[in-house]
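Hi there,

Here is the structure I promised to pass along. Have a look, and then read on for what turned up in it.

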Amino acid sequence: MYVLIKAVDTQIATQWLHEEPIQNKSFDILRKEWAENFNSIVEKLSPVPVDVSCQNLGVHDFDLRSDMWREIDIIVSSAATTKFDERYDIALAVNAFAAKHVAEFAVRCVNIKMLLHVSTAYVRGNTTGIIQEKAISMGETPNGSRKLDVKEEKLLVEELMNELREKNSLERKIIIALKNLGLQRARLHGWPNTYSLTKAMGEMMQELSNELFCFSGNIRGHRTIDSIAILFGRGRLKYFLSNPSTILDTKHPLTYSDLRDIIVSYFKDSPWINEDGKPVKVRKPKIVGIMASFHKHVRRYILLSKVLKVDSSGFGGYFQGLRADRDEKVNAIVRLADLYGPYIFFNGVFDDTNTMALRATTFDNGVNLESVFYFDPRCINWEDYFERTHLPKPSSASEK
C-alpha cells in the first residue's frame, strides 16, 4: 500500500508515518486483535513523499511512478485543507487542483478499479429542502448567478499576488488579502466560505474519472465545530449563536441545543486549565437565535471597549490590558459568527438513499453488517461520542 505523505523526502515521510498515524488511537483495536501480526501489516505500507498540488503528485522518480501506475488498483483521495477561511491560493491548490492531479494520475494506472474522492455534503452551499446525493458538475453554482470558471479563479489569485508583490506588501497583509479574496469569491457564487467553494471545485475535477464514492473520516486537529467548543472551554464564549432546533444529523437527529448541552457538560467535568494552573469555570451560554440580536450584543461590547479606551487615558493605562482582552474576545466571536452563521441556520436535509441502498445490498449478499462493516448512524450515542472521542481533554489553556 502506497501512503502518500506531504514531505520533502522519503526519510521524513517514513518518520511521520510511524510517529503519527500508526501510533494513533484509531488503530488500537487493530493493534489489539492482530497483536502478533500488526508489524507485518505496517511493513506493507510504503511511504511516498508527494505534493498533490503538483502534476504527477510531485513524484519525480520515474521508476517509482511507473511502479505505482502498474500496481495501484484503488486510490483514496482525502488530502484537503479544512479551514473555512483558508488562503485562497492554498485552498485552490490543495482542494481543487490537487483533485485534478489525482484524477489524472488515476487515469495512468492500468489496473485502476476505483478512485474514491472524499468530499463534503456542504458543496451544495446554502441550498434548502431535500439535497440529493450527487457530485457537483463543472461550472455549477448554488445560486446560479453565473458559471464558475476554475481557471479564472486561479488567474484572480495570481493577479492579486502580483499586485501585492509590486507594492512590497508585508506577508501578514498578503495572507489577509488572500483570505478575503476566497471568502468574497465563495459568497459571490453562493457558497458560505472558501472551504466549501474549493471542495466543490474538487468535485468538478472528478469529471476526469469515471467512479466517485463519498464517505466521512475521523477528524483530527481543531477544525469546524471544534473552534467554538474550545473558545467556550477557555471561558470566552458567553453567547451561543444558533437556531436551537437546527438538526446536525438527519438519520439520527442531533440539534444545536443538544450540542450546547453536551459541550457545557464536558467542560464542567473536564475543565480547561488556565495559565495560572486553575480550572476555567464555565456557565451555560445564552442561545441567541437571531443574527440581529447577536449584533446587538456585539455592539454593547464595542461600546464598552470605547469607554475603557477613554478611561485608560485618565488612569495611566490601567484599563488598557482589560480593553485589549475584551477586543480579542469580540473579534474572535465576530469571526466565528461570520464563518459558522451559514451552518448554524442551515435548513437543508441531506438525502441518504444511496447509503441505505448500500446497506441493503451488503446485507442481501450475506455480509454481517454489525461485525464486518457497521455504519448505521442510528447507533451513535452523541454524548458519548463528543465527550470520549471528539473533545479530547486539553492539558492547558496555552494550547492552540
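Which residues form one aromatic cluster? They are Tyr-122, Phe-346 and Phe-350. Please keep in mind that this is a predicted model.

Staying with the rings, the structure holds ten aromatic pairs. One of them joins Tyr-266 and Phe-267 edge-to-face, with 5.0 Å centre to centre and 85 degrees between the planes. Both Tyr-266 and Phe-267 are buried. Another edge-to-face pair is made by Tyr-385 and Phe-386, where the centres are 5.0 Å apart and the planes are at 70 degrees. Tyr-385 has a relative accessible area of 28%, so this residue counts as partly exposed. Phe-386 counts as buried because its relative accessible area is 8%, and the cut-off for buried is under 20%.

The charged end of Arg-108 is placed over the ring of Trp-69, 4.0 Å from the ring centre. For Lys-154, the charged end sits over the ring of Phe-97, at 5.0 Å from its centre.

Finally, a word on Glu-153, which belongs to helix α6, spanning residues 150–166. Is Glu-153 buried or exposed? With a relative accessible area of 1%, Glu-153 is buried. Its side chain makes a polar contact of 2.8 Å with the side chain of Tyr-88. Leaving aside residues up to four places away in sequence, Glu-153 touches Tyr-88, Leu-92, Leu-148, Arg-185, His-189 and Met-201.

Best wishes

Terms used:
Residues are numbered from 1 along each chain as its sequence is written. This is a predicted model: local features need pLDDT of at least 70, side-chain atom pairs count only at pLDDT 80 or more; totals for chains, interfaces and linings use all residues. Side-chain values use heavy atoms; hydrogens and water are left out. Helices (H or I, at least four residues) and strands (E, at least two) are DSSP runs, numbered from the N terminus. Buried means under 20% relative accessible area, exposed over 50%, partly exposed in between (1.4 Å probe, protein chains only). A polar contact is a pair of N or O atoms within 3.5 Å; within protein, one must be able to donate a hydrogen and the other to accept it, and residues adjacent in sequence count only if both atoms are side-chain atoms. Contact means heavy atoms within 4.5 Å. Rings of Phe, Tyr and Trp (its six-membered ring) pair if their centres lie within 6.5 Å; planes under 30 degrees apart count as stacked, over 60 as edge-to-face and the rest as tilted. A charge sits over a ring if NZ of Lys or CZ of Arg is within 6 Å of the ring centre and within 35 degrees of the ring normal.
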